[in-house]
Amino acid sequence: MREGTVTLIRREDYLAPAFWIRSVDLSFDLDPAKTLVTSKMRIERNTAVAHGPLCLHGEELNVLRVLIDGESVSFRQDGDLLLIDKAPDADFLLEIRNTCAPEKNTALSGLYTSGGSFFTQCEAEGFRRITFFLDRPDVMAVYTVTLRADKAKYPVLLSNGNLLESGELDNGRHFAKWHDPFPKPSYLFALVAGDLVAREQKVRTRAGRDHLLQVFVRRGDLEKTEHAMNSLIASMVWDEARFNLPLDLERFMVVGVSDFNMGAMENKGLNIFNTSALLASPATATDADFSRIESIVAHEYFHNWTGNRVTCRDWFQLSLKEGLTVFRDQEFSMDMAATPSARAVCRIQDVRQLRATQFPEDSGAMAHPVRPDSYAEINNFYTATVYEKGSEVVRMYQTLVGRAGFEAGMKLYFERHDGQAVTCDDFAQAIADANPGSALATRLEAFKRWYSQAGTPRVRARGVYDELARTYTLTLAQSNPASPGQEHKLPQVIPVALGLLGAEGQALPLQLQGETEAAGLERVLVLDQAEQRFVFINVAVAPVPSLLRGFSAPVLLDDGLSDAELLVLLQHDADAFNRWEASQRLALNRILAAVRSGQALQLDTAYLEAMRAVLKHAGLDAAFKELALTLPGEAYIAEQLEVVDPQAIHAAVEAAQIQLAAALREDWIATFEANSHTGAYSPDPVSSGRRALANLALGMLVLDAKAQSRADAGVWLGRAYQRFKDAGNMTDRLGALAALVNGHAELAEPALAKFHAQFKGDPLVIDKWFALQARAAEQGGRVFAKVRQLLQHPDFSLKNPNRARSLIFSLCMFNPAAFHRADAAGYVFWADQLLALDAINPQVAGRLARVMDRWTTLAEPYRSAALEAIRRVATKPDLSNDVREIIERALA
Ligand code: PHE
Ligand code: ZN
């Protein structure tokens, strides 16, 4: 940590390591205050690289001794490096002894303690906080690990791979020795020691091998691991069935920890999870939690192949494993969803997430390509772009080569690269080579611009129907605005899945000029020029185009469709994603018109009747209805505007909500009655869709009761409170509580108090209690005042990342109306909390710093006030590298 500007690491400067570490024998004498680490490494010079010193990474370590082949050797330390100038040319054994201080490690990177147990987090560069090493992903070693610790306090001792032996030692201590046969980069190392219990399950794979699955948690949490175990088994079955990828270890362990910077980590054979991504019971977790757990368990499991067996050459290639693994977990969730409609719901949720997080990132100060060109702190690049946009890029490969072609590409990727550390180019090449002549292979270099160009491409689509010639000419044009460091962009390869509908909604056959017959009712056009025309022939009637079906590319589409055309799509499109998209566009157009004109929003009958029809439709799933009737997010709305006034956006959304609540009141009542009883809890898509819709309806009814001061207002407020009290599961309980809190009902306070008393022993539920209040619909500054008050609550702590996120991130990131205040108090709050957090945990602070990414687009007075807060942070001399990089980019 130091003052001044950050130092950038550049992708183009990549050099292979000067040495290889082939194997490492680690032993740990675990003690919270001072842990002793002994590391014996078999090292060999990389003859392909010029001679030079052996240069190892090490941070906040205390070195005790350094031996080469048993003899002490001179070394020097320079900042976070340990250098040995006289390393032998022949293979040698390097032994290093050092100590570290786990209980002082509040950064939660390296070896740390949580709730009296030991855990590690090594990605990206945490291993160097445990011992000296070539801590980079292209150095892959075979690990043997011996753990020694007090047996009473730490009865369970875990590390990667297989248990070789364990036994007793003197002084009440014991040991366990683990061996992982697969060479791996240091970021995949893990150890756990503590008083934990496990849910166990033996499984046999299709290949006929037996495995032991274990989920370790603290005593008392065991009943909350069933869903995670089921998700793990389902993931194993799916990866074998879909990609032919079996589990390669006898034992697969998952461990929960309550202090964790991210969701979870794919350490080889020993995944470590934030408890928020692992523990669930119907009484304490919502449907959203259940589905998040399923996808994160799957995600980490899938990393075993996409990440661990084939890893990244350097951290610029992070999306090689993350984009691909997100794609795999999204596909898994869709395949688990069973019905076409439930699949579409998955897709809609993923796209909503992309638009809410990645689109703003891609147009802000931190915009970067899926494969970044430089970074100061790699922790800042675990982003929506690398993950979610990276996944969309992988999806486009599949769209271009087909599902079978993509599976063939994956097969070739593993044939070529199993056991290697490779690049995004290697992945692209494997998919293309497995599909010669495909729309991908013939455009591979242009396709790879998705990795090198930042920014969300805009696609403009305009169609002209010629009644006489019976042709429909569709002109597609693309552009991509400048990003930091990228003034001009080249055209990208954009797959546009489409169908054409007649005015009555019938699907029209698709025949392009030059083709002898129509090729189905849906096809994929490939836009790879700045502008292209596609002429459809034998088109019987003027069509309504349904473009970018299933969101076939991560772009902003301007299709110029009229309300009448959007209504045709909303009613008839065979693509459920585009039906939903039409609902959002109808709302978006109205909200944007109000915000742009500065006039109060007034919803028209056409829109309200369309929404009523969706709500009453007998053939639509509850989950779909809930998504269609939920208004677009405020961040996505902001994305469409040159100048952003968060209060104006919020006012328009609020007005739309109140009018939707009032106009459809009878339908909301009917909807609530029809969906409010889902019977014995199961997190399946059908019943969770019904719960989501019932919660939306209840929220609308409470909002309406308050907004219209209806004579019978008490009825719905009372029913919400009753439902809150009597709920049989957390989804219903939290939904009812949210209705009361967002409606600023008098009963909200007693309900919150009751909720807190009931769940005070369960930190994950108390996180929800904080988050609900910090995300509540702002009304006259009440929410902001409440958050400030909650900072003083005895349960609040900045040290636990989940708790910090539940209160501070909820306000600053997810509650624009409460955060962006004309008096700048929100920004002052942000700066204060950011500085406090940075002294504890730079990684988490780096995320909070991102809140100001888009300050330049803010309207006054927000813009100037935001700048002042950012500058105040920038003047702090001892900022972490993490926060300094974000702040410098914001000010660039
Ligand atoms: N690699 C983890 C994942 O996506 C994320 C992670 C990154 C966790 C860094 C901890 C630290 O699955
Ligand atoms: Zn991942």
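The expected span of a helix is 1.5 Å times one less than its number of residues. Helices (H or I, at least four residues) and strands (E, at least two) are DSSP runs, numbered from the N terminus. Helix α14, residues 646-663, has 18 residues and reaches 26 Å from first C-alpha to last, close to the 26 Å expected at 1.5 Å a residue.

This is a predicted model: local features need pLDDT of at least 70, side-chain atom pairs count only at pLDDT 80 or more, and totals for chains, interfaces and linings use all residues. Residues are numbered from 1 along each chain as its sequence is written, while chains are lettered from A and ligands numbered from 1 in the order in which they are written.

**Annotated domains**

- UniProt positions are given in the numbering used here, feature names are shortened, and annotations may be inferred rather than shown by experiment.
- An unreviewed UniProt entry puts "domain: Aminopeptidase N-like N-terminal" at residues 25-188. That span is 0% helix and 55% strand, with its end C-alpha atoms 15 Å apart.
- The unreviewed entry gives "domain: Peptidase M1 membrane alanine aminopeptidase" for residues 228-435. Here the chain is 57% helix and 10% strand, and the end C-alpha atoms lie 36 Å apart.
- For residues 563-892, the unreviewed entry has "domain: Peptidase M1 alanyl aminopeptidase C-terminal". This span is 71% helix and 0% strand, and its end C-alpha atoms are 41 Å apart.

**The eight-stranded sheet**

- Two strands pair if DSSP finds at least two bridges between them.
- Eight strands form an open sheet with mixed pairing, in the order β6-β5-β9-β3-β2-β12-β15-β14.
- β6 (71-72) and β14 (162-168) stand at the edges with a single partner strand each, so one side of each has no neighbour in the sheet.
- β14 pairs with β15 (residues 173-185) in the antiparallel sense over six bridges. Leucine 163 stands opposite tryptophan 178 of β15.
- β15 also pairs with β12, antiparallel, over ten bridges. Histidine 174 in β15 is the bridge partner of alanine 149.
- β2 (residues 19-29) runs parallel to β12 and pairs with it over seven bridges. Phenylalanine 28 stands opposite leucine 147 in β12.
- A residue is buried if 20 or more other C-beta atoms lie within 10 Å of its own, exposed if 12 or fewer, and partly exposed in between, with C-beta atoms placed from the backbone.
- By that cut-off, β12 (residues 140-150) is mostly covered, with eight of its eleven residues buried.

**Around ligand 1**

- A residue counts as near ligand 1 if its C-beta atom, placed from the backbone, lies within 6 Å of it.
- The surrounding residues are Gln121, Glu123, Ala124, Asn261, Met262, Ala264, Met265, Glu266, His299, Glu300, Glu322 and Tyr382.
- β20 (264-265) and α2 (287-303) are the elements that give two or more residues to this shell.
- The shell divides into five nonpolar, three polar and four charged residues.
- Ala, Val, Leu, Ile, Met, Phe, Trp, Tyr, Cys and Pro count as nonpolar, Asp, Glu, Lys and Arg as charged, and the others, Gly among them, as polar.

**Buried positions elsewhere**

- Buried residues of α14 include Ile649, Val653, Ala656 and Leu660.
- Valine 555 sits in the loop between β31 (544-547) and β32 (556-558). Valine 555 is buried, with 20 other C-beta atoms within 10 Å.
- Valine 555 and arginine 458 are 97 residues apart in sequence, yet 5.7 Å apart in space, C-alpha to C-alpha.
- Not counting residues up to four places away in sequence, valine 555 touches Thr456, Pro457, Arg458, Val459 and Ile494. Contact means C-beta atoms, placed from the backbone, within 7 Å.

Technical notes. Contact = placed C-beta atoms within 7 Å.
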